[in-house]
Amino acid sequence: MAEQITERPLVSVDLQETEENRGLINAIEADNPDLVINHFPGVIKLQAPGRLLISRESVEAQLGRTWETHEFQMAIITLSGNVSEWDEDRIVISWGPRVDDEEDED
Amino acid sequence: MTTTAPNQAGKKSAGKPKKLSMKARYSALTRDLDWEPSYVSEQEMYPHTQYEGIKIHDWSKWDDPFRLTVDAYYRYQAEKDKRLYSVLDGFAQGQGHLTLSEAKYLNAMKVFLSGVTPLEYAANRHFAYMARQFNGPGPRFAALCQSIDEMRHAQTEIHTLSNYNKYYSGMHNFIQQHDRVWYLSVTKSYFDDALSAGPFEFMIAIGFSFEYLLTNLLFVPFMSAASFNGDLPTMTFGFSAQSDESRHMTLGLEVIKFILEQDEANVPIVQEWVDKWFWRGYRVTGIVAQMLDYQLPRPVMSWKEAFELYFEQQMMGGLFPDLALYGIRPPKHVEQAIWEKDHLSHWLHDTFYQFSHAANFTTTVPDEEHMEWLSQAYPDTFDELYRDKWEEMRKLDEEGKRFTYPGLPQLCQVCQIPMTFPQHGNPHLKAQFTSEYEGEHFNLCSDGCKWIFEREPEKYRQAWLPVHQIYQGNCGGPTIPDVLKWYGVQEGDNGEYVGSVDQKNWVRWHHQIEDKLGTSSEIEETLEAEGVHAAVKKIEEA
Amino acid sequence: MPTLALYDYTVHPSRSAQELYGDDMLVNIWQKDDNFFACPCAVRVPKAMTWQDFYQTQFLPYVSASPRTTGDETYAWHLDDAPFTPEDSKTLDELGVHHKHTLGFFKA
């Protein structure tokens, strides 16, 4: 199983390593068990095989306040992968074909 | 959109208006503001989106994953600026420039300010054009946001670096120098090439190839290095810009997938653009390679390491397998770029060293500790191929014969970089490619640049090559001093770092801070009479 | 593939054409067996300059600026990719050295 996972191309987000982002980083760590973490000056690089999830609920639990998924824009430096979902509850970064989402088909 | 308008909310019958979902809000605030033209045809309204041969059948299939709306956009951008400006203020008030790793660190910022910042402004202009010219409201709105972002980047970069301009040379004339200085034509012509292409090609050139494929190499290790070299403001503007950059990357990826999904006939057109713009962009990022490896007194990540992480792993390992589903293969000539990762910065910094008398920055031979770092970062190449020449340069310098190149360089017709690149696979022999077009002979640095030239020779023959223009008499006069005057280069901007105005000031200011013995005037005299080395020795003895 | 445009794009002239240099032209000088110089150099010379003058006024100052060569060495030549045999009294033009051509040299 582990081998299969590592064969999936890594998706990645780089975040500013600040006190303010600590809760967000902890939440991502908790929600993505296969996360690989690297530190560079001022930067924390989070990589996961195939898919990476950022969940509003987990971030709010870490921060103890309400958190809008839009706030993720304040923390992110770069990413590798598609933003395949972004709504009020979660952000998913993954590789793979685009998923058509019904709500936009108005 | 009516449910959120405050003046109507009160008129609703009972309770609070229901908040729209993020997707519904995005749709209401972007798509629903679009209209179909009635008194002109769609083609008359959007005349630039057909001639490149790209076929779009349904513009509504465009998706913006960020679901960005105007109100959210300005709210977050304002917050980003607020954070940046508080850092700038604190740094300026606290004489933060004195806490940099070394004055010569700022050479990297001089290259950045004159080479990259004007590109941000050019991007602002061209994304504003995209925001008018695309048929679909989704890409128009995304382009509008990017246009405003790019203006913010240009302004915040200028504002951030303006504090250094008060104390250090080489930054006072960056806009004119961007248009004139020989090596800056590399970045300028790259962007001009994109601006003068059609809207879809521009999106693949800048939105995809630059923002998605290559921009990480420019910003991420570089801003991390700013942090490592005590340059908090640059780190902050860099990361602030990068937070927009991830939106731009997403737009770049969205645009390529959207075009590819719209019509199979688009695939070969896009593939050629990916091939062309990968190589164009890659050649430009060579300037970053030498910044990372040579211009940072405290290097943090080598070009090779950055290339492996942000290009080979993320793009070759992640993006291109994904794009294969759409019929896109990795760019032509990428194998050469991968081979060059062990060499690139050494060739280019050698070139910068030999020509820094004609530039807006200073250079110096890397010290022993720095060479040791290079040797560890490049175990297969540095000691074998590049160390000896730096030792030779150091010896010449110690003998009072600091080497500067005796003439003007031969330039590549496409990338405009001096022809310093060796043949693919053979670091010992420089590459020379040629092409003929309508009876004229052209010189090119690589297979990649030759391929690009021969696709559109009628475009690249118009290139404004600095060396050719100097020889035509268009750059202030025939001699180097004439040209430097025309560049707006002043005393202290160029040449050797050791003994330069910036280094002398650095020694002077730091001695003043530490001056418990009251020897400032003595040091001052030594500096003037005997130079930097003697002054530093005197400080150490005290 | 021609440059795509909304109009006839072939009308824009070269900014490096020989005509822009009057009776002169640009020639590149490239040391092929040593990489001390970061790149080849470009010089502007009369088409009617003799090889001897070219050697004395362009080549020697250049090659002797490298700490690795003095100019006293004997050199063999290439014109672009092909072997090239200079003759002192002939002009560059007569020798087939034209605008933006590259003269490569290496120790014979």
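Reader: In what order do the elements of chain C run from the N terminus on?

Author: Elements here are DSSP runs numbered from the N terminus: helices are H or I with at least four residues, strands are E with at least two. In chain C the order is β-β-α-β-β-β, giving one helix and five strands. Keep in mind that this is a predicted model, where local features need pLDDT of at least 70, side-chain atom pairs count only at pLDDT 80 or more, and totals for chains, interfaces and linings use all residues. Residues are numbered from 1 along each chain as its sequence is written, while chains are lettered from A and ligands numbered from 1 in the order in which they are written.

Reader: How do I read the radius of gyration of chain C?

Author: Take it over C-alpha atoms and hold it against the globule rule, 2.2 Å times the number of residues to the power 0.38. A compact globule of 108 residues would come out near 13 Å, but chain C has 17 Å. Its C-alpha atoms fill a box of roughly 55 × 30 × 25 Å along the principal axes.

Reader: And why is chain B as compact as a globular protein of its length?

Author: Chain B holds 24 helices and seven strands. Its radius of gyration is 26 Å, close to the 24 Å that the rule gives for 542 residues, so chain B is as compact as a globular protein of that length.

Reader: How many residues does each side bring to the contact of chains B and C?

Author: Residues are in contact if their C-beta atoms, placed from the backbone, lie within 7 Å. Here, 35 residues come from chain B and 35 residues from chain C. Among the elements of chain B that give two or more residues to that side are α15 (344-355) and β2 (408-409).

Reader: In which sense do β2(B) and the strand β2 of chain C pair?

Author: Strands pair if DSSP finds at least two bridges between them. β2(B) and β2 (residues 41-46) of chain C do it in the antiparallel sense, over two bridges. In that pairing, B:Pro409 stands opposite C:Cys41.

How values were computed. Two residues are in contact if their C-beta atoms, placed from the backbone, lie within 7 Å.
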